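Reader: I've got a new model open on my screen. Can you walk me through it?

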Amino acid sequence: MEATRGSTSSSSTHSSETHSILHNPFIVRHGRRYLKDLPYPLPCDLPELQRSNLQTLLATTVFGRPLCSPHMRKHPPKKVLEVACGSGYWSSLCHDYLSGLGHRNVSFTGLDIVPMAADLSKQGVNWRFVQHDLRKVPFPFSDGEFDLVMMKDLSLVVPLGGPQQKVLDECMRIVAKGGTIELWEADSVIRSILPHPPAPPGKNAEDDDIAAATATFLISPGTPFTDCQNKYLQDSNAWIQDAIDKRKLYPMPCARILQVLLQEPDTLYDVDYRRIAIPLGEMRWERELDGGGRILKRRDSELKGKGKSDSYLTEDQAALRHTALTVVIQLIESLEPLLKEVSGKNQEEWQRWWGWMMDDLLTQKGASSGECLEVGAWWTRKV
């Protein structure tokens, strides 16, 4: 089934086989709106859209751009699909990025089970929205219809195993030969990064420069991690793992996506990635590293006279880490009904634990032992 072709105006389409579930998809739990009869554990409401947008903006900042595939920068796409687009925020960022490079003749399509996206055509984006349940294949697009397919934050959307493979197969079908599939993910479970010598140079100097400017860490196979050290994040980790496992979803996708893509050698090639650890606060051990390597000995002298000589981070770097912490806290908040269920806490007990956690993380700066939000981007091309 072929969807209506995009134009400069926004349009909305949905497939007939999903009409019944899409007609009345929501249920309200504890004052928040969720999709009913689906394994998706997060709400579909304004606070969750804002959290998702914040996570997308954070990832774009640490990646340095909304498109990580080098091929896409040299050969910009004409037709782009954002799978599970939510608000369509990534599409708007990508439009602005490509327009800034002089590539203005790009159409964007958003695909999702419910129409949460704004009419991006009002922002000058050549945009359409297609309403479709990702569990149903085929997607309502032609073979090879898109030059770029973006799959972002699907680890909490599509169950492991067969359903996940079906979505990947569909994306391979609808991307053009030589076209690009790009995936972005963030882990829902927090780990702590350990002190380590400067990593080998990244795949290009630009990646190293971005990591240095944002005070983040490029993750390589040798990057040392340990279990989360903060006791409240340890609690939430265990509950998130339990709640997500029960839905056959995956809380730590960043460790496995590369392997999934490499298992498709007959269909996909030019597989590559970037993984980044974003600390959730100022890490105690960073101060102990000298300035001859990765960390920032210069900052005390730079910040003299500005009332901030006690910090080795610039204002922008500290703000970025606080944003990562905010994303983590808001994820726990969005998962509250599920986490209360698996933890066995009643409302009073949960509120007490929540208050202690907020005081520890925000007031006591408790995420100072290497706790990081891990994000990654993977890209590949169709044979």
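Reader: How many helices and strands does the protein chain have?

Author: This is a predicted model, where local features need pLDDT of at least 70, side-chain atom pairs count only at pLDDT 80 or more, and totals for chains, interfaces and linings use all residues. Residues are numbered from 1 along each chain as its sequence is written, and side-chain values use heavy atoms, leaving out hydrogens and water. Helices (H or I, at least four residues) and strands (E, at least two) are DSSP runs, numbered from the N terminus. On that basis the protein chain has 12 helices and 13 strands.

Reader: What share of the residues of the protein chain is buried?

Author: Buried means under 20% relative accessible area, with a 1.4 Å probe and protein chains only. The protein chain has 383 residues, and the buried share is 53%.

Reader: Which way do H10 and H12 run relative to each other?

Author: Take H10 (residues 315–334) and H12 (residues 347–363): their axes, lines fitted to C-alpha atoms over the stretch in contact, come within 12 Å. Angles run from 0 to 180 degrees between N-to-C directions, and these axes cross at roughly 175 degrees. Angles over 145 degrees count as roughly antiparallel. H10 and H12 are therefore roughly antiparallel.

Reader: Which residue in E3 is the bridge partner of Phe26?

Author: Two strands pair if DSSP finds at least two bridges between them. E2 (residues 26–29) and E3 (residues 32–35) pair in the antiparallel sense over four bridges. In E3, the partner of Phe26 is Leu35.

Conventions: Angles under 35 degrees count as roughly parallel, over 145 as roughly antiparallel, 65 to 115 as roughly perpendicular and the rest as oblique. Buried means under 20% relative accessible area, exposed over 50%, partly exposed in between (1.4 Å probe, protein chains only).
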